[in-house]
Amino acid sequence: MNETTFPVSPTLGERARAALGRRNLVFVGLMGAGKSAIGRMAASQLGLPFIDTDNEIERVSRMTISELFAAYGEEEFRALETRVIKRLLRTGPRVISTGGGAFINEKTRKQIERGGISLWLKADLDVLWERVNKRDHRPLLKTENPKQTLENLMNQRYPIYALADMTIQSRDERKETIVRECWKRFSTTPVKAARTMTKTESEERLVHVPLGERAYDILIGPGLIGRAGGEISTRIKGRKAAIITDENVGAIYLDQLMDSLQTDGIEAVSLTLPPGEKTKSFDYLTKVCDLLLEARIERNDAVIALGGGVIGDLTGFAAGIVRRGVRFVQVPTSLLSQVDSSVGGKTGINTRHGKNLVGIFNQPDLVLADTDVLNSLSPREFRAGYAEVAKYGLIDKPDFFEWLERNWQEVFSGGPARIEAIAASCQAKADVVAADERENGRRALLNLGHTFGHALEAATEYDSTRLVHGEGVSIGMVLAHRFSNRLNLLGVEDVTRVEAHLKAVGLPTSMDQIPGELPSTDFLMEAIGQDKKVKGGKLTFILTRGIGQSFVADDVPASEVFAFLEDMRA
């Protein structure tokens, strides 16, 4: 049953949100004060993401808080807690609930002072005891007299909690009432001025993919490869890493990534593979697996994909099957991989039967989309990636497609619109993945243009001198709109608009623009029949009723597709 929310005065809510700016609202207080419940409701009412730091620590370490205390002691736990909170505070706004001891740690408290507005939920002993005495997961209360221990903690910690920016009494009453008190306090308490952000911080964006225990962040902005060690070390407990890259990317960025990892105490090995789609094969999958085993990469160590979609898909597959799963980080270095293949957990390799037919779902633990690396892409590579950006507008975001029509030149030139376009694309995919992780329904819409595009890639034998993935998607999206028009689903003006925009940015829009001779329509139909969008032998296409009005068509007659392709080849 969904939790009901109490109506909030728009004025109070707006004031609280405005006061936060890009900072985080951080709930502090003793165990049982209600930080998670109140924080979750506050986040819902503000329309912000919510993160419980204890849950995040458990996700990072793959151990419960009790297990961490038992295995490493409180000192090591606090060190990990400090690293995690530091990372969470780097981007915002979000609502964060902290563990009872977090604010007591001076280093953590200073981080909260710099990156957030702290709010102490203060509760009396009887209220706290009533809330915690029926649960046995609190490691600090595993004593002979837990109630006395709780009172001692109150006496020790309350003077420090009082240093928080605001204090709200947490009583046994409706959570909605307490949340309303929080917003009232924002309107009556002077809020400290926001810290001036650096240029890099002001440009950076964060997209959270909410998948429960498999949730992860996508960081988007400049300079992230140079900070990769710090970002990874706050999310992954292991101190070893293996980097998989290709010859082109590795020559430019491998040393920088290795240095960043070493700075943060992570020992790394690397494997450099040939570039190109043909690397996504069983032979190279074996090479990657062998490296991970030879390097003794354990389940809490990191396997890092440094490259485009080929490296990401191959590495993610290997990371998911070695030791039945090790930690996996994506560092995508092409526009296409930053907005598409690095997000969502699809991994795999190609076979002679078709593209991506062997693989698994393996969500990354982190995606670092360093926008600086896009400056080293060739114009052709950048255009190919842009096809996937445009796709998100054509699926179900007509306003975004219209924005791209107006701003695509700035996206290409590297202005602020580039980061916004990448963030919007990642958010669009994250929303779909969160609703349908394993493509049982809505996620299939992300394949707009891909069924035609994959068939064309197979027809060129994945020869990148003739066609790269994004170019295939561009032609495929035009074909999908033309086919939809042929089926009387949309007017020709929408087809013309899609084709005109893709032509304007320099992408191919028809099969006759592919160099060399294409195989017969029979070959293309066979490739379409092998595509993983086929269900029960029936052809499945993503069709559309207009810009941003795509839908899944589960039973498209093969004869219609054949006749359409024949006409398009004429």
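Which strand pairs with strand β8 (residues 240-246) in the parallel sense over five bridges? Select residues 302-307 to find the partner, β10: β8 and β10 run parallel. Strands here are DSSP runs (E, at least two residues), helices are H or I runs of at least four, both numbered from the N terminus, and two strands pair if DSSP finds at least two bridges between them.

Before moving on, note that this is a predicted model, where local features need pLDDT of at least 70, side-chain atom pairs count only at pLDDT 80 or more, and totals for chains, interfaces and linings use all residues. Residues are numbered from 1 along each chain as its sequence is written, and side-chain values use heavy atoms, with hydrogens and water left out.

Now look at both faces of β10. Ala 302, Ile 304 and Leu 306 on one side and Val 303, Ala 305 and Gly 307 on the other are all buried (under 20% relative accessible area; exposed is over 50%, partly exposed in between; 1.4 Å probe, protein chains only). Click Ala 241 next: its bridge partner in β10 is Ala 302.

Then select residues 327-332, strand β11, which is joined to β10 by six parallel bridges.

Next stop: salt bridges, each a side-chain nitrogen of Lys or Arg within 4 Å of a carboxyl oxygen of Asp or Glu. Show Lys 429 and Asp 340, whose closest N and O atoms are 3.2 Å apart.
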